[in-house]
Amino acid sequence: MTNRLIAYCGLDCEACEARKATLTNDDGLRKEVSRKWCEMNNTDQITPETINCIGCRADGIKFAYCDSMCPIRKCAAGKGYETCADCPDKGGCEMLVPFLGNEEAKNNLGL
C-alpha cells in the first residue's frame, strides 16, 4: 500500500474534516469538527485549536490522539507495518472492531 493518506486502521485521511480544516486553515470547520468529535467521544477536551492534522501516516502535524494515543497506530507502527493490512492477525484484532462497520476501511485493509 503506497497511499500515505490511508491510516493504519484503514480510514482515508484525505476525507477527514480535520485534515481539510488544516489544509485550508478553516477555523469554522475546526469548530465543527471539535463539536462533532467532542460529542462522539463524550468529552469537552477537543478544542478547535487542537484540530490540526495532515494525516496519520503523512509527514507533518497530527491530531494529538492520532499522533501519540491511538493504540492501532502504536501497534502497527511498532511492528513496522505500513497499515494493519500487513498484519497477519488483522482479521481477529479487537482494536479494529470499531472500524469494521466502515466499508472503505475494511476494503483498504483487505477485510
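Me: Let's start with a cysteine. Is C38 buried or exposed?

Reply: Keep in mind that this is a predicted model. To read burial, look at relative accessible area, where anything under 20% counts as buried. C38 comes out at 12%, so it is buried.

Me: And what about C53, buried or exposed?

Reply: C53 has a relative accessibility of 8%, so the buried label applies here too.

Me: How many disulfides does the structure hold?

Reply: The general idea is to check whether two cysteine sulfur atoms come within 2.5 Å of one another. Here the count is zero. For C38, the nearest cysteine sulfur belongs to C66 and sits 14 Å away. For C53, the nearest one is again that of C66, at 5.0 Å, and the cut-off is 2.5 Å, so C53 is in no disulfide.

Me: On to charges. How many salt bridges are there?

Reply: For these you look for a side-chain nitrogen of Lys or Arg within 4 Å of a carboxyl oxygen of Asp or Glu. The structure has seven of them. One of them joins E32 to R35, with 2.6 Å from N to O.

Me: Where do E32 and R35 lie?

Reply: Both are in helix 2, which covers residues 27–40, and they are three residues apart, or about one turn of the helix. E32 is partly exposed at 29% relative accessibility, and R35 is partly exposed as well, at 43%.

Me: Which salt bridge ties together parts that are 25 residues apart in sequence?

Reply: That's R57 with E82, whose closest N and O atoms are 3.7 Å apart. R57 sits in the loop between helix 2 and helix 3 (64–69), while E82 is in the loop between helix 4 (71–78) and helix 5 (103–109), so this pair links parts 25 residues apart in the chain.

Me: What separates E103 and K106 in helix 5?

Reply: About one helical turn, because they are three residues apart in that helix. Their side chains meet in a salt bridge, 3.7 Å from N to O. K106 has 22% relative accessibility, so it counts as partly exposed.

Me: Which residues do salt bridges with shared partners join into one network?

Reply: Look for a residue that turns up in more than one pair. In this model, the network is made of E32, R35 and E39.

Technical notes: Residues numbered from 1 in each chain as written. Predicted model: local features only at pLDDT ≥ 70, side-chain atom pairs only at ≥ 80, totals over all residues. Heavy atoms only, no water. Buried < 20%, exposed > 50% of the residue type's maximum accessible area, 1.4 Å probe, protein only. Helix = DSSP H or I, 4+ residues; strand = E, 2+ residues; numbered from the N terminus.
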